[in-house]
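Here's a quick tour of a two-chain model. Have the coordinates open, and start where the chains meet.

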Amino acid sequence: MNGRYVISIDQGTTSTRCIVFDHRGQLVSVDQREHAQHFPRPGWVEHDAMEIWRNVEKVVPRALTRAGIDASQIAAIGIANQRETTVVWDRRTGVPVAPAIVWQDTRTDALVEELARAPGAEEVQRRCGLPLTTYFTGPKLRWLLDNTPGLRKRAERGDVLFGTMESWLIWKLTGEHLTDVTNASRTMLMDLSSLSWHPDSLDFFGIPPAVLPEIRSSAGVFGTLRTVLPGVRLAAALGDQQAALFGQTCFTAGEAKCTYGTGSFLLLNTGTGPVRSQHGLLTTVGYRIEGEPAVYALEGSIAITGSLVQWFRDGLGIISTAPEIETLARTVDDNGGCYIVPAFSGLFAPHWRSEARGVIVGLTSYITKGHLARAVLEATGWQTREVVDAMNADSGLMLRTLKVDGGMTSDNLLMQFLADVLDVPVVRPMVAETVSLGAAYAAGLAVGYWPDLEGLRRNWHRAAQWLPNVDPQWRKTEYDNWQRAVERTFDWIQPH
Amino acid sequence: MPGQVQSIARAAAILRLLAGGSGRLGLLEIARALDLPKGTAHGIVRTLHDVGFVEQDKTSGKYQLGAALLHLGTSYLDVNELRSRSINWADPLAARSGEAVRIGTLLDSKVLVVHHVFRPDDTLQTLDVGALLPPHATALGKVLLAYNARGGLGDLVPYTRRTLASPRVLTRALAAIREAGWGSDIEEMTVGVAGIAAPIRGYGGLVVGAIGISGPVERVCDAHGQPRITLVTHVREAARAVSRDLGGRGQ
Ligand SMILES: Nc1ncnc2c1ncn2[C@@H]1O[C@H](COP(=O)(O)OP(=O)(O)O)[C@@H](O)[C@H]1O
Ligand SMILES: [Mg+2]
């Protein structure tokens, strides 16, 4: 291959983008398309997997056209994807049997309660490193099998295939039914130590093995494209948050990053062995390079950060674009005593309270929309503080700088606030699209476009840095207020 | 006197029509009311939609006046929006040029730094977003002045021997910038430091900001003391890429 570029597909929650990267890991061109979010009932969130596939078919050629290159100049392609979102499709027709159930969807709450009481529940959770919640794939797949007429029969006969988004796209692109270890580690069906589907976990959730894809390394050749860019090798697939860990070159145990998009996800590389959390973090696979041992991570997942800004824009209509939240927040000097805890679908890490719902507290007639805008941004800061505290307690190490990336990092007020509440420097790398970069790095590494991890590390440069600049007493008082606000979200939804 | 531009007159009529009553209008209703062929009306409405003067309802497909019209009096592009939309192009400019990148807009006859990317050498640097720079002594500022219709030049403080501190000389330099499509400052604010900048354009070519690099004069300029042509190309390409994303033609 004489390829001079690597491309990646970032199949995210709100959009699908294709980015062309050069040998220095710099962005050459990008094309992006949003897909529809369907909310058919309260708590339900669905995507149309066919629409997402059509978007892939559009953005990839357009990104190449914008870069002025053709398929012969592509060394490899990598995929990063929204995690846990569940698709089942017909093996012969290639048509999805139902809308994809998105990771934020809470329709499985009753099912999850029931499963939590079933024998073997403890063992299943220990084996996969995840708590039983609506967030993960296993319950969603079980729900589809239970609620789509005739599906269980077809599944047992092997007529339908299951996958998270990367499997769906790999299958459409190459015809192979595959997944990677990072995505498999979010299903609750995989054994974290053997990295294979576990028969007892499959039994527990009632999943016929015939529907499952084969688990592969994250960086390694999955196949050759038959369509879109025929002949190009598909050489990586990772969950988006793991891709960002890779893109931030957190290759050594102890290195961490936090990605700020729809939700925010702090991942800490813990080396080649899984570490169990005592403080509400998830144990997950960070990445696996073919022929090498898997690298594990501890994860602090925050469900609602950028989507709170989105809600301020679309739900309340107070701003017309996301970045205006900063403009509005700067019209005031502080939050005026107001706090927003966005427990829209319960609280994820470190609380894992599915019965919690959002609150705005501290309202007085003094509060303006400027104070609310500030409270929106501060919610992201304090939620990060909670997962960083959990991470420090679990790892016994104190985080010394926070590497950040994602759409919200263009918000300077938020980045400064983060440094202030964490009391560590916050650093943004030269490529904010780190999810895409990570998928490109993994693919390029697999085909020898980049020789080794050290070479990738040398591409990392600091683009911006924010230093803590507040009085410790302020930090203490505000954190205390935040924690009291969080308590007020608990126990809102009554047990069934 | 030049004649009327028909499509502008029609666009104005469509805006008045939409402003006239309550409720949204469909394309056919607009075309009928103005006695225009549907295709013509569609072209004009699409353009008005692109610039934000009309909005389309997602479910009914009907049109109404857009939010941008109501905010005509305030700044056209929010500075935080400008940063957000240019961040993907400022990073590669820093990586390719090896120099620090800044994006600026004019604010009360000063240059407001709205985005700053460090020089990619991982040395200690301080973020100076929010800083104000003198327009006449910086590449960013001169580019912004060159396309500023409300032509004040600001306070022409001589920072160095090379600062363009006379209105006549500066005005000539601004004409040259418009001619070339980019500008530079060579030790005009700080001895030993040079910069290159180009305009960022929104819809219709309106200049909404400038993007540029700055660094040691011996790196930014060649042996003849002129800005290096490869760096000029990088800066102009970045400006064009941001402009394209903003819907401007990016010259
Ligand atoms: N300047 C900003 N300030 C705050 N939030 C922002 C800003 N710009 C974008 N966002 C938020 O960032 C999110 C988009 O980031 P992105 O990384 O593309 O997310 P995802 O990959 O999850 O779709 C949106 O939720 C948006 O509200
Ligand atoms: Mg994303």
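Predicted model: local features only at pLDDT ≥ 70, side-chain atom pairs only at ≥ 80, totals over all residues.

## Where the chains meet

Between chain B and chain A, 16 residue pairs are in polar contact, both residues at pLDDT 80 or more. Here a polar contact is a pair of N or O atoms within 3.5 Å; within protein, one has to be able to donate a hydrogen and the other to accept it, and residues adjacent in sequence count only if both atoms are side-chain atoms. On chain B's side of that contact, α5 (79-97) and β4 (110-117) each supply at least two residues, and α5(B) gives the most, with twelve. Helices (H or I, at least four residues) and strands (E, at least two) are DSSP runs, numbered from the N terminus.

The interface also holds three salt bridges, meaning a side-chain nitrogen of Lys or Arg within 4 Å of a carboxyl oxygen of Asp or Glu. In one of these cross-chain pairs, A:D22 meets B:R96 at 3.3 Å, N to O. Counting heavy atoms within 4.5 Å as contact, chain B brings 24 residues and chain A brings 27.

Residues are numbered from 1 along each chain as its sequence is written, chains are lettered from A and ligands numbered from 1 in the order written, and side-chain values use heavy atoms, with hydrogens and water left out.

The scores are ipTM 0.85 and pTM 0.87. Chain B averages a pLDDT (the predictor's confidence in each residue, from 0 to 100) of 88, and 95% of the residues score at least 70.

## Salt bridges within the chains

Over all chains, the search turns up 40 salt bridges. One of them pairs A:R66 with A:D31, closest N and O atoms 3.5 Å apart. A:R66 sits in α1 (residues 49-67) of chain A and A:D31 in β3 (residues 27-34), so the pair ties together parts 35 residues apart in sequence. A:R66 is exposed at 54% relative accessible area, whereas A:D31 is buried at 5%; buried is under 20%, exposed over 50%, partly exposed in between (1.4 Å probe, protein chains only).

Back in α5 of chain B, B:R85 and B:E81 are four residues apart, about one turn of the helix, and bridge at 2.7 Å between closest N and O atoms. B:R85 is partly exposed at 32%, while B:E81 is buried at 8%.
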